[in-house]
Amino acid sequence: MHVAPHGHVPDRGAGKWGPCACLACAEGAPCLLRLLEDYLEAIEGIRRHLLRRSEPRKLTFVGELAHGRFSAKMDHLVCFLPGTLALGAHHGLPADHMELARALMDTCYQMNRQMETGLSPEIVHFNLYPQNDHKDVQVKPADRHNLLRPETVESLFYLYRLTGDRKYQDWGWEILQSFNTYTRVPSGGYSSISNVQDPLNPQPRDKMESFFLGETLKYLYLLFSDDPDLLSLDTYVFNTEAHPLPIWAPPREV
C-alpha cells in the first residue's frame, strides 16, 4: 500500500503521486472527480476481495488480506464504514452503498451485542463455517479490551439521521447503558476496560481517552436528538475527530 504525500493524488498514467489541484483552488472539479473515482474503486475493491458472511447469522463483515491470504479479522475501527457509505448514498452515490451500510451496521451492533458486557472488543474474528455452540463473533484474549471508541455510535448517528429508523437509536441506547454499567467510574468519568467478556470483572484500566468526550458522547448526543437541523448533514461535514465543518457553497449569482 502506498500513502500519498499531503496534497497529492494518484497520477494513473505515470504510476506516481501528483499534486491535487483542488487543494490549491484551481481546476477543482477534475481533481474532485478523480477523488470520487478513487473512492468508488476502493468500495468495489472491498466488495470483491474483503466482504464475507459469517455463520450462523450471515453477518456481512470486512476482513483483511495479508500476502494474498484472507483473514476473517475485523477491527472495531472499521465500524466507521457504515456511516461513510450511508452518507455517500445520501449525496447521490449508488443506492447499493446504503444496502451495504445497513448490513455492516447490523454487524457492528452484533460485535457489541454478542459480548457479555454489551461492548465491542477492539478486534474480532468471524466464524466462516457452521459450528455447534459457536457465535458469529469470536475474540482472542489479547483483543478483548474496549477503549470507549466512537466508530459504532458514529455510524449509528449517520444511519438514524439518514434513514429515520429508530432501531439505530435503540442500539445506541443499549451501548450507552453498557458504558454506564461497565465503564463508568463512581468518582467521575469513564474508563477503558480490559475484558468485555467478563461482566463481573471487566478490569478497568483507569484511563479515559479524549475521543470518548470529543467523539463518542458527541455522536450519542446527536443520535438521540430528533432535530434533523442540528448540525444537518446537508450543511455540515464531520472530520475524523467529529469536528463539524460547514460545507462551503459558491455564492449565487444575482
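Colleague: Which residue forms a salt bridge with R166, and what makes it one?
Modeller: D226 is the partner. This is a predicted model, and its closest N and O atoms for that pair are 3.5 Å apart. The cut-off is 4 Å between a side-chain nitrogen of Lys or Arg and a carboxyl oxygen of Asp or Glu. The value of 3.5 Å lies within it, so the pair counts.

Colleague: Where do R166 and D226 lie in the chain?
Modeller: R166 is in the loop between α4 and α5. D226 is in the loop between α6 and β10 (236–238). They are 60 residues apart, so the pair links distant parts of the chain.

Colleague: Why is R166 called partly exposed?
Modeller: Its relative accessibility is 47%. Buried means under 20%, exposed means over 50%, and partly exposed is in between. R166 therefore falls in the middle class. D226 has a relative accessible area of 47%, so it is partly exposed.

Colleague: Which residue pairs with E122 in a salt bridge?
Modeller: R149 does, with the closest N and O atoms 2.8 Å apart. That is within 4 Å, so the label holds. E122 sits in the loop between α3 and β8, and R149 in the loop between β9 (137–138) and α4. The pair therefore ties together parts 27 residues apart in sequence.

Colleague: Is E122 buried or exposed, and how do you know?
Modeller: Buried. Its relative accessible area is 11%, and the limit is under 20%.

Colleague: What makes E55 and K58 a salt bridge?
Modeller: Their side chains meet at 2.5 Å, N to O. The limit is 4 Å, so they qualify. E55 is buried, at 14% relative accessible area. K58 is partly exposed, at 40%.

Colleague: What else is there to see around E55 and K58?
Modeller: The peptide bond from E55 to P56 is cis, with omega near 5°. P56 is in the loop between β3 (51–53) and β4. K58 is found in the loop between β3 and β4 too. K58 has a positive phi of about 60°, although it is not a glycine.

Colleague: Where is Q203, and what is its phi?
Modeller: Q203 is in the loop between α5 and α6. Its phi is positive, about 60°, and Q203 is not a glycine. At 33% relative accessibility, Q203 lies between 20% and 50%, so it counts as partly exposed.

Colleague: How many salt bridges does the structure hold, and which residues are linked in a network?
Modeller: The structure holds 10. E44, R47 and D96 are linked in a network of salt bridges.

Colleague: How do you know that the span of helix α3 agrees with its length?
Modeller: Helix α3 (residues 96–113) has 18 residues. The expected span is 1.5 Å times one less than the number of residues. That gives 26 Å, and the end C-alpha atoms are 26 Å apart, so the two agree.

Colleague: Which residues of α3 are buried?
Modeller: Among them are M98, L100, A101, L104, M105 and C108. Each is called buried because its relative accessible area is under 20%.

Colleague: Which residues touch the most other members of the largest nonpolar core?
Modeller: M74, F126, L156 and F157, out of 52 residues in that core. Elements giving two or more residues to this core include α1 (28–49), α2 (81–90) and α4 (151–163). The largest share, 8 residues, comes from α3.

Colleague: What is F126 in contact with, leaving aside its neighbours within four places in sequence?
Modeller: The list includes L59, F61, M74, T107, M111 and V137. Contact here means heavy atoms within 4.5 Å.

Colleague: Which residues make the nonpolar surface patch?
Modeller: V237, L245 and I247 make it, at about 230 Å². L245 is found in strand β11 (residues 244–246).

Note on methods:
Residues are numbered from 1 along each chain as its sequence is written. This is a predicted model: local features need pLDDT of at least 70, side-chain atom pairs count only at pLDDT 80 or more; totals for chains, interfaces and linings use all residues. Side-chain values use heavy atoms; hydrogens and water are left out. Helices (H or I, at least four residues) and strands (E, at least two) are DSSP runs, numbered from the N terminus. Buried means under 20% relative accessible area, exposed over 50%, partly exposed in between (1.4 Å probe, protein chains only). Patches are made of residues with over 30% relative accessible area and no salt bridge: like charges are joined within 9 Å, nonpolar side chains (Val, Leu, Ile, Met, Phe, Trp, Tyr) within 5 Å. Accessible areas come from the Shrake-Rupley method with a 1.4 Å probe; for residues, only the protein chains shown count as cover. A nonpolar core is a set of buried Ala, Val, Leu, Ile, Met, Phe, Trp, Tyr and Cys residues joined through side-chain atoms within 4.5 Å.
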